[in-house]
Amino acid sequence: MHSSVMPTPRQGDGHPSPAAVSTIDLRKSYGDKTVLDGIDLHIPAGSVFALLGPNGAGKTTVVKILSTLITADGGQAQVAGHDIAASPDGVRAAIGVTGQFSAVDGLITGEENMLLMADLHHLSKREGRRVAAELLERFDLVEAAKKPASTYSGGMKRRLDIAMTLVGSPRIIFLDEPTTGLDPRSRHNMWQIIRQLVTGGVTVFLTTQYLDEADELADRIAVLNNGKIAAQGTAEELKRLVPGGHVRLRFTDPAAYQSAALTLREATRDDEALALQLPSDGSQRELRSILDWLDSTHIEADELTVHTPDLDDVFFALTGGTDKPKETVR
Amino acid sequence: MSSLALAVRDSSTMLRRNLLHARRYPSLTLNLLLTPIILLLLFVYIFGNTMSAGIGGGGRSAYIAYIVPGLLLMTVGSTVVGTAVSVSNDMTEGIIARFRTMAIHRGSVLIGHVIGSVLQSIASVILVGAVAVAIGFRSTHATALDWLAAFGLMALAALALTWIAVGMGMVSPNAEAASNNALPLIVLPLISSAFVPVHAMPGWFQPIAQYQPFTPVIETLRGLLLGTDIGNNGWLAIAWCLALTALGYYWSKAAFNREPK
């Protein structure tokens, strides 16, 4: 499917929730190269938003603009109610940013990094120590606290990075590829951390090139490709945009399988697994008609599972992945 | 918090950070200190008797007196090369991006570097000065006021050279480039009146030695510490320092405000 025919689902139904981040027609180019070609986003407060896209799609540029690190060439953006161009300091006071490359001071210890943040957030000495100790504890960095941050592993650096971001209790947190380069365990730790952040009520703006990560964490996902939003919505909504959904019936008794296979002629057979696949978009109505049909033909599967296309399918459909660069997906 | 209070508070936080770096990794500063100290010993003990002919005789002890002001200034030059390197290193670190996205006084990162560097320069000057005194340097004519003025001029020169070095560090893509770009701060004192008087140099070279910032500052220091004639060098020295400070300040600020890639 080509990206130009993909609809961009409209946000909301006349009840706009207060936006933590909203952008209209955000643009940025470097010389002749257009990096962002009109980005519209609306991210409700307290949600997790994932900006998903291949390398070079412009994800980091979006984060840099919204976090006031660089300026946009055109369009408008509001972050935490502040216009990024008119009131960058208002934005800065409300956000925390953890970039793709660790933003820790490697020459000083983890604890000193935390106290540095506390000082820059103008906490009192006592308060600063308390917050630093608490966050070091929470991110399992107590043992390493007195060692220079340059000696930390990738996962530890990333944890320290996020701990530093949290010192000022930001309402909106930007995480630019927070798990890139982490081993699976650290990656799952990071997911855990991100989930905890949301329960605290903060808004998380996450960029990732990993589909499972967006699927796992985000309330809403936007797929960025070639500087444009190719599609956005919940993971489920996005999955419905591409074909490939089916209902799978699995049998334990070969005889039952054979008789079912003869009845359900349009099903795809998997003789080895004793399973049949019926195409379905996963909607309630289709599911009910399948169930009714199975009842009427007295077929009783031992296991019924509904499969929607996963985000891989969506991603490649939307980003025009004709060459299916599977190796970029873990 | 008023913007001035914010500036002071954030700058002092950044200063603490820079001093912490210097304390944790003193090798850079100490290595740079070796140059003026080695030059001092070399010129006094190895070349001293011969070189003193250039200043009209008087042997080794007269030559110590002659070169110490220049070497003290060279010490400042060497120290700020370290500043250029550490600024350049710092700018490649992700933490600078973090600072830029925080609601802090924007200039505090640079101000922290500058104050830290001036303090290091002063400490280095005191150290090299102590070595000079240990090998026989005596300021024969200086009153307490002269000492104070000399100290003030050194601090002003340190401020000027630091801002220039910060600018050099800002525009250098990495530490090696920063160290190369800062080379004039080492070379200029060599071709000033630090080691021999300007009038003892070849005629065509004299303008180069004369019309550069180090010479009037060195001549003024010499006048303050040893009672030689200062003439208009005092005003020239102050003008050079203020001009370089302003230049370095605006250069660094522009470079820092330039959009990061």
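Chain A holds an open sheet of four strands, in the order 12-13-11-14 with antiparallel pairing. Strands pair when DSSP finds at least two bridges between them. Strand 12 (268–270) and strand 14 (303–307) of chain A are the edge strands; each has a single partner strand, so one side of each lacks a neighbour in the sheet. The model is predicted: local features need pLDDT of at least 70, side-chain atom pairs count only at pLDDT 80 or more, and totals for chains, interfaces and linings use all residues. Residues are numbered from 1 along each chain as its sequence is written, and chains are lettered from A and ligands numbered from 1 in the order in which they are written.

**Sheet detail, chain A**
- Strand 11 (residues 246–250) and strand 13 (residues 275–279) of chain A run antiparallel, joined by five bridges.
- Arg250(A) sits opposite Ala275(A) in strand 13 of chain A.

**Fold of chain B**
- Chain B has 12 helices and zero strands.
- Helices (H or I, at least four residues) and strands (E, at least two) are DSSP runs, numbered from the N terminus.

- The C-alpha trace of chain B spans about 60 × 35 × 35 Å along its principal axes.
- Of the 261 residues of chain B, 46% count as buried (20 or more other C-beta atoms within 10 Å of the residue's own, with C-beta atoms placed from the backbone).
- Among chain B contacts between residues at least 6 apart in sequence, 80% join residues at least 24 apart (contact: C-beta atoms, placed from the backbone, within 7 Å).

Note on methods. A residue is buried if 20 or more other C-beta atoms lie within 10 Å of its own, exposed if 12 or fewer, and partly exposed in between; C-beta atoms are placed from the backbone. Two residues are in contact if their C-beta atoms, placed from the backbone, lie within 7 Å.
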